[in-house]
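Let's take a walk through this structure together, with the sequence and the 3D view side by side. Please open both and follow along.

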Amino acid sequence: MTAPPIRATYSLVDHHNTPVTERTYRGRWQLVQFGFTSCRVVCPRALAKLDDVLDRLGDAAAAVVPLYVTVDPERDIPERLEAHLEATHPRFTGLTGTAEQTGDAAASFRVFTRRRDTPAGYDVQHTAMTYLLDPAAAPARYWSDTRDAESIAADLTALLAAART
Amino acid sequence: MSHGVLTREQLGHLRHWDNLSRQLPNDWSLMQGKGVSQDDFGGYRFQLAYMVYGLALAHRHRLPAAPGLFAPTIRRLIEKLLMPEVWLYWRDVSRGGSVFNAHLSEGLAEEWDPVVRDNIMYSAYVQSCAALHDQLFGTDHYAAPGSLTFRHWSFFWGGPEKRFAYDRDSLTEHLYWLMVESGYLGVACEPNCVFQICNQPAILGFRLHDQITGGARADDVVAGYEKAWADFGRLDDAGHYAMMISQDTREVRPNERPSPWVDAWCGALMNTWNHDFVHGHYRRQVADFLEPGPDGTVSVPSAPARQVMGQEIVSDTCDFGWVAAWASEMGDRDTLDGLLAHADRFMTPTWRDGGLYYPRNDTPSDADGRRTEIEPMSGNVLLGYARLNVADGLRRIYQEPWPAGHHDAPRLAAVDRDVEVSRAEVVDGVLHARLRRDRTVPGEGTVTLAGLPPGTRLWLGGTEVTPRTPSVLDVPDGAAVDMVAAP
């Protein structure tokens with residue numbers, strides 16, 4: 001699998017309200033998932049899968065920064081992201097920003113997003129691709145939603161091992 | 001085992017496609033439709049691409065041991081598909097302004113690159129035809145950098161040369177990411193217009209690319225596509241295929257009238273990955289379109305031309321041809337036979353240079369009200385496609401790659417233009433072919449054999465022969481003869 005043809009740039013804040021860009025995490029591999037905390041099906045499944053991936057990596061997971069970028073900045077303010085992730089997927093750092101900033105981030109990863117009205121308010125349709133940026137913050141890999149934890153972990157393990165040699 | 005010996009009519013369609021593929025650059029004789037500027041099915045891209053698809057079906061299911069008959073024709077057709085006359089419409093259409101999205105035209109700029117955004121009604125054919133070629137013939141021909149280059153330069157206008165270089169892999173990658181960006185709903189044709197059907201060739205292309213290179217893009221796209229369309233429904237309220245969706249308003253346009261081509265085109269292609277759904281709705285859908293005629297003939301009436309903005313829409317509907325192609329994919333032999341019988345009786349089958357086609361006729365019907373109207377897309381391509389296809393034929397190309405070892409098996413590796421091949425298959429390690437020298441077209445009258453084990457012996461018409469070289473066999477004049485190459 002080749003590197004995705006994406007810019008992979010962003011200028012956001014993390015869930016501690018600290019400004020971050022893709023360069024902030026240079027030196028580590030960024031595992032990037034887009035979603036939103038109100039998501040009822042796709043995101044919980046994707047984040048649980050990535051937790052499984054990180055478990056499978058063992059100690060090597062220390063080289064990976066798991067990031068969860070919101071596509072719903074209106075509701076996913078830093079405090080909400082922090083509370084949600086600490087309760088459910090504590091290894092992940094949530095990233096948010098203004099609507100323009102999160103929109104730019106989604107566009108730079110070529111993530112589709114669309115707000116859709118629902119009886120309960122609204123949700124945000126989005127593609128559930130998982131991205132990997134290398135320690136230089138350049139796009140390295142992507143995995144579609146259909147890839148399972150085992151195969152993603154195998155790819156990642158091989159990549160991390162190759163980078164160490 | 002293939003599907004037996006080709007009929008005279010099937011051979012005639014193959015010859016006609018080969019003849020069209022050999023027309024001089026920008027000679028589009030017999031291929032011009034009613035409309036202007038390559039609009040709709042009058043566009044050369046559709047004829048060229050579905051000739052490639054039809055050749056692929058014929059090779060895969062009927063003459064699997066004759067790659068040398070098909071590969072050069074497919075390459076010539078793809079070469080024509082890349083010609084500016086085929087895609088230059090995009091420079092204008094990219095600006096928007098269709099009746100569906102006139103409000104967008106202010107925000108859209110002229111785009112020369114015909115595959116960079118939208119226009120999946122062209123780009124997916126380039127992608128899928130190149131992938132079909134490479135998958136069928138076990139080659140990386142179109143993986144060469146720049147092998148799919150769109151180039152235009154005129155002495156008289158347009159400034160510097162326009163050149164957009166792609167290849168099988170880069171174009172597939174590009175279309176995949178356009179699909180991702182769309183949320184898997186699909187890439188637009190005209191700006192803002194995502195047609196359900198027009199993304200089917202891209203899915204076929206992704207699958208073939210997966211078969212060539214490994215990977216699972218087609219599965220990814222199909223999974224996402226299913227979810228994305230679940231919000232809108234594949235079928236409209238009347239049970240026919242939804243035609244398109246507007247990207248900005250998310251409004252779905254039904255198959256309003258309904259038009260046969262919408263269901264038939266979509267069903268014929270979507271069957272590749274969605275067999276049960278397509279088959280499950282086919283009988284009820286097609287029943288709305290068929291009109292029985294005399295002696296078992298069956299026709300497909302077209303709805304009257306629509307009036308929009310005070311204008312009558314001039315287009316090639318290809319309703320008749322598309323329903324024939326659909327029936328062939330569904331394995332509906334009765335309907336297909338009835339349609340072909342109608343065409344043979346009322347649509348002036350014509351032989352030219354050994355090729356069979358049904359020439360364009362703009363007259364709606366004869367004095368008895370029998371449909372006579374036929375478009376170049378139907379008359380040149382779709383009726384031949386239907387005649388050469390087998391039940392679930394395109395689906396099987398999608399689902400079942402060649403068996404291991406196919407490309408090294410005994411085969412006709414090259415076939416001169418003047419040799420007609422009506423059988424070519426390997427049965428229990430023995431190559432069987434039926435060959436005829438066709439003097440209506442020029443050529444050297446030989447076939448070139450490959451993949452034969454050492455010590456293979458050749459028989460022609462039951463008599464053992466020694467070819468003039470170990471691999472080149474002269475085909476004698478006269479009636480078709482059976483060739484057997486056995487270890």
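In this predicted model, look for helix H7 of chain B and pick out its covered residues: Arg168(B), Leu171(B), Thr172(B), Glu173(B), His174(B), Leu175(B), Tyr176(B), Trp177(B), Leu178(B), Met179(B) and Val180(B) are buried. That makes H7(B) mostly covered, with 11 of its 14 residues buried.

Now follow the helix from end to end. H7(B) runs over residues 168-181, and at 1.5 Å a residue it should span 20 Å; its end C-alpha atoms are 20 Å apart, so expectation and model agree. What caps the N-terminal end of H7(B)? Asp167(B) does, placing a side-chain oxygen 2.9 Å from the backbone nitrogen of Asp169(B). After the helix comes Gly183(B), and its phi is positive, near 70°.

Glu181(B), which lies within the residue range of H7(B), takes us over to the other chain. The side chain of Glu181(B) forms a salt bridge with that of Arg110(A), at 3.1 Å from N to O. Between chain A and chain B the count is 3 salt bridges. On the side of chain A that touches chain B, the residues divide into 9 nonpolar, 5 polar and 5 charged.

Let's step back to see the whole meeting place. Chain A brings 19 residues to the contact and chain B brings 18. Together the two chains bury about 1400 Å², with 51% of it on carbon and sulfur atoms. In chain A, the residues that lose the most area to chain B are Arg110(A), Phe112(A) and Arg114(A), together 39% of what that side buries. Here we meet Arg110(A) again, the salt-bridge partner of Glu181(B).

How values were computed
Residues are numbered from 1 along each chain as its sequence is written. Chains are lettered from A and ligands numbered from 1 in the order in which they are written. This is a predicted model: local features need pLDDT of at least 70, side-chain atom pairs count only at pLDDT 80 or more; totals for chains, interfaces and linings use all residues. Side-chain values use heavy atoms; hydrogens and water are left out. Helices (H or I, at least four residues) and strands (E, at least two) are DSSP runs, numbered from the N terminus. The expected span of a helix is 1.5 Å times one less than its number of residues. Buried means under 20% relative accessible area, exposed over 50%, partly exposed in between (1.4 Å probe, protein chains only). A polar contact is a pair of N or O atoms within 3.5 Å; within protein, one must be able to donate a hydrogen and the other to accept it, and residues adjacent in sequence count only if both atoms are side-chain atoms. Contact means heavy atoms within 4.5 Å. Buried area is the accessible area (1.4 Å probe) that two parts lose on being put together, summed over both. A salt bridge is a side-chain nitrogen of Lys or Arg within 4 Å of a carboxyl oxygen of Asp or Glu. Ala, Val, Leu, Ile, Met, Phe, Trp, Tyr, Cys and Pro count as nonpolar, Asp, Glu, Lys and Arg as charged, and the others, Gly among them, as polar.
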